[in-house]
2 protein chains.
Amino acid sequence: MSNIKTKFINDPENITSELLEGYVLAYRDYVKLAGENIVVRVKPKKEGQVAIVTLGGSGHEPALSGFVGRGMLDCSVVGDVFAAPGAQRVFQALQLMKCEAGILLVVLNHSGDVMSANMACQLAERTGIKVKQLLVHDDISAGINAPADNRRGLSGCVPLFKILGAASEEGKSLDELLEIGTRYTNKVATLAVAMRSCTHPQNGAVISDLPEGIMEIGMGQHGEGGGGQKPLVSADDTAVEMVDLLCKQLKPAVGDKVMLIINGVGSTTHMELNIVFRKAYKELEERGFQVVFSRIQEILTVQEQAGFQMIMALPDEDHIDYLDNKPAEAPYWTAFGK
Amino acid sequence: MSNIKTKFINDPENITSELLEGYVLAYRDYVKLAGENIVVRVKPKKEGQVAIVTLGGSGHEPALSGFVGRGMLDCSVVGDVFAAPGAQRVFQALQLMKCEAGILLVVLNHSGDVMSANMACQLAERTGIKVKQLLVHDDISAGINAPADNRRGLSGCVPLFKILGAASEEGKSLDELLEIGTRYTNKVATLAVAMRSCTHPQNGAVISDLPEGIMEIGMGQHGEGGGGQKPLVSADDTAVEMVDLLCKQLKPAVGDKVMLIINGVGSTTHMELNIVFRKAYKELEERGFQVVFSRIQEILTVQEQAGFQMIMALPDEDHIDYLDNKPAEAPYWTAFGK
C-alpha cells in the first residue's frame, strides 16, 4: 500500500490509470477508454460534426474527463497527476478523432499543456488531420487586463465545453466553433481562493502553505501563487471582493446578462459554496446585472484543497442558448435543455 | 464575521437560511422556498400523483434538498445543521403538499427526525391529510443482521428518492409506493468509512477524533462511533473489506443484479472515489454478481470530512427500471432515462 497517510489510494504510480478505469466502469454507458488515458464517448457523434477534444493532467476530477458525453466533449486526453499528457498521446487522440469536419482542441493555458498541444497539432497537420486550437486563459490573478498569455486556464473551460459541444452537435463548422469559443474566452473570467492546502497524492507533499485562518485570493489550481495571503474574512466579504475583481476585468454594463458559477475545489463544503453564491448573486443584481445561468458544483477540484473558483462570463445570446437550452449528457454535467 | 477559522460563512446562526437562499437562487428554474426552510419544486407534479417528501438537518449538502425536482422529491423540510426540522415545520410542509393521492414521507432513521415525523403525521392525520411514512435504515455499522430499528439512515436514501419519484410520476398509489420503497429499503445496505474528521460549522468543534493514518469503518454521518479505529489500509483493501461486509448483510446470490454507488462525504477526492469504485466493482464481478447501476458522486456530505459511503442494493426489475430508464431533473441528479 501507499505511504501517503491521508488518501485512499494504492500504488501512487498507478493513480491515473486506476481512477480512469474506475470512472469508465461506473459510467460505462457513456464513456470508455480508447487508448491509454484517452477517454471517449461510447456513442460517437454523427459523421460530419466537428470533434471537441481537450487535454490536461489528472487530479482535478471530475475535470476534465467527467465532461465527455453527448453535447459536451468527444475526447479527453489525460496526463499524470497535475501533469500534461505529452505530445505523443495527444497526437494519438487526434488520430482517433480524425474526421472530415475537423477537430477543435481546447487547451488550458499551462505551459506543459500548451507544449503538448502545439507539438501534437504539428504532427497531426503533417498527416492531414484538420485541427485547430482554442486557448482558455480565464484566470485573472495575474492582474486586471494582464495579457492573455499570462493568464492560466481555470474551471471556466467547463461551460466552454458545454457551449462548443452543443454548437458542434448542431453541425457548426470548425471555423464557426472557433469563433463562438473565442467570443466566450474573451468574455469569461475566473478567480480562485484557497484557505487550506492539499496534499500531492503521489509524494505526500503539501502543495502550498496556508496557515489556519489565512486565505489566498488568486491561488492557481496547482498551488501557484496568487494575490498574496491575508486573514480569512466572511463568506459575504470574500464574495463581494471577488465579484468586484471579476467585474473590473469583464466590465459589464448595467442590464448585461451574466453567467455565475461557483466551483468547489475539493473540501470546501457545498454549504459554504451556496452561501458564497448567494452573496455573489445579490451583489451582481445590485450592480444592475442579470444572472441568467448559474451552477454550484465541484467541476474542477484541486485534490482536498479548501477554497473555490468563481467563474463569471458575459455570454451573448448564442452562448446562453447553448448553455441553457441544449441537452448535455456527460457523467458530471447532464441537462435536458429547454 | 464568524469565529470559525476554516469556513467561508457569515453569522453561524444564519447558515441554514443563507445556504438555502443561495441554493434556490442558483437553481431558480427548478426549486423555490415555500416557507422557512421548506424547499419545493417550481413546477409541481400533476394532480392525482402522490407527493414524495423528506426531512433532515442541513450540513449534508447536496442532500437532501438537492434532489427536489421532477422524477425525484417534491419537498424537502430542512432542519438546522445536523438537527431535525421539528414537528411543526414538517406539519407545515405536509399541509402544503396535501393532495388527494396522499403523501409519502421518507424518514432517515435518526431519533430527532423520527420524532419530528411521527408528531407531524399525527397532526396531519387529525386534519385529514393522507400521509404514510417510509423509514430508511441502510447503515450496517450496528452489525450484520442488527434489528432495523438500530440501523441509522445514510445516503442509501438518495437512490430511493429516484425510485419513488419515478414511480409516483407514473401514477402509482400511496400503498404501491410504500410497497416499492419497502422492497428497496429491505435490500439496501450502506457502510461509511472516515479518515479525517470535520468541523462543526456553528461552533468550530471537531466532530470526532481521528489521528493521521487512522480510519474508522462504520462512522455515522454526524461522527457517531462505528466499528472502531484502525490503521489506514490501501484503497483496494478498504474496498474489499466494505464489499464483504455489505455482501454479508445483503446475501446476494451468484448472478444477482447489484446497484453500487460511492458517495463522497466531503473532502475525499473524486480521484480516490474512482479508485475505490474500481476495486469494489471488480470484487463484485469476481464474486459473480452483476453491477447494473452505478454512480460516483458527493450525494450526502459530512462537512469537510474525508471518507466515503459505499451503497449497495439488490434492486429488482422495478427498481432498475425506475433508477435507469426514467428521467430525473433535480439540481444534483439529472438523468435522461432510456
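The report below covers conventions, domains, the chain interface and a few backbone details.

## Basis of the values

This is a predicted model, in which local features need pLDDT of at least 70 and side-chain atom pairs count only at pLDDT 80 or more, whereas totals for chains, interfaces and linings use all residues. Residues are numbered from 1 along each chain as its sequence is written, chains are lettered from A and ligands numbered from 1 in the order in which they are written, and side-chain values use heavy atoms, with hydrogens and water left out.

## Domains of chain A

Chain A is divided into domain 1 (12-185) and domain 2 (188-316), with bounds that come from an automatic or database domain assignment. Taken over C-alpha atoms, the centres of domain 1 of chain A and domain 2 of chain A are separated by 23 Å. Their contact (heavy atoms within 4.5 Å) takes 33 residues from domain 1 of chain A and 34 residues from domain 2 of chain A. UniProt, in an unreviewed entry, places the feature "domain: DhaK" at residues 11-333 of chain A; UniProt positions are given in the numbering used here, the feature name is shortened, and such annotations may be inferred rather than shown by experiment. The end C-alpha atoms of that span, residues 11-333 of chain A, lie 30 Å apart, and the span is 33% helix and 25% strand.

## Between the two domains

Domain 1 of chain A and domain 2 of chain A bury about 2700 Å² between them, 58% of it on carbon and sulfur atoms; buried area is the accessible area (1.4 Å probe) that two parts lose on being put together, summed over both. One salt bridge is found across this interface, the term standing for a side-chain nitrogen of Lys or Arg within 4 Å of a carboxyl oxygen of Asp or Glu. The side chains of R183(A) and D316(A) meet in a salt bridge, at 2.5 Å from N to O.

On the side of domain 1 of chain A that touches domain 2 of chain A, β4 (75-81), α4 (157-169) and α5 (174-185) of chain A each supply at least two residues, where helices (H or I, at least four residues) and strands (E, at least two) are DSSP runs numbered from the N terminus.

## Between chains A and B

The contact between the chains takes 68 residues from chain A and 68 residues from chain B. Chain A and chain B bury about 5900 Å² between them, 62% of it on carbon and sulfur atoms. In chain A, the residues that lose the most area to chain B are F8(A), M271(A) and F336(A), which together make up 16% of what that side buries.

Six salt bridges are counted between chain A and chain B, and the side chains of E21(A) and K282(B) meet in a salt bridge at 2.6 Å from N to O. Elements that give two or more residues to the side of chain A that touches chain B include α1 (15-26), β7 (188-196), α6 (235-250) and α7 (270-286) of chain A. Of the elements on that side, α7(A) gives the most, with 10 residues.

## Backbone details

The peptide bond from E61(B) to P62(B) is cis, with omega near 5°, and P62(B) lies in the loop between β3 (51-58) and β4 (75-81) of chain B. Another cis peptide bond joins A63(B) and L64(B), with omega about -15°, and L64(B) lies in the loop between β3 and β4 of chain B.

In chain A, phi of N145(A) is near 65°, a positive value in a residue other than glycine. N145(A) is found in the loop between β6 (131-136) and α4 of chain A.
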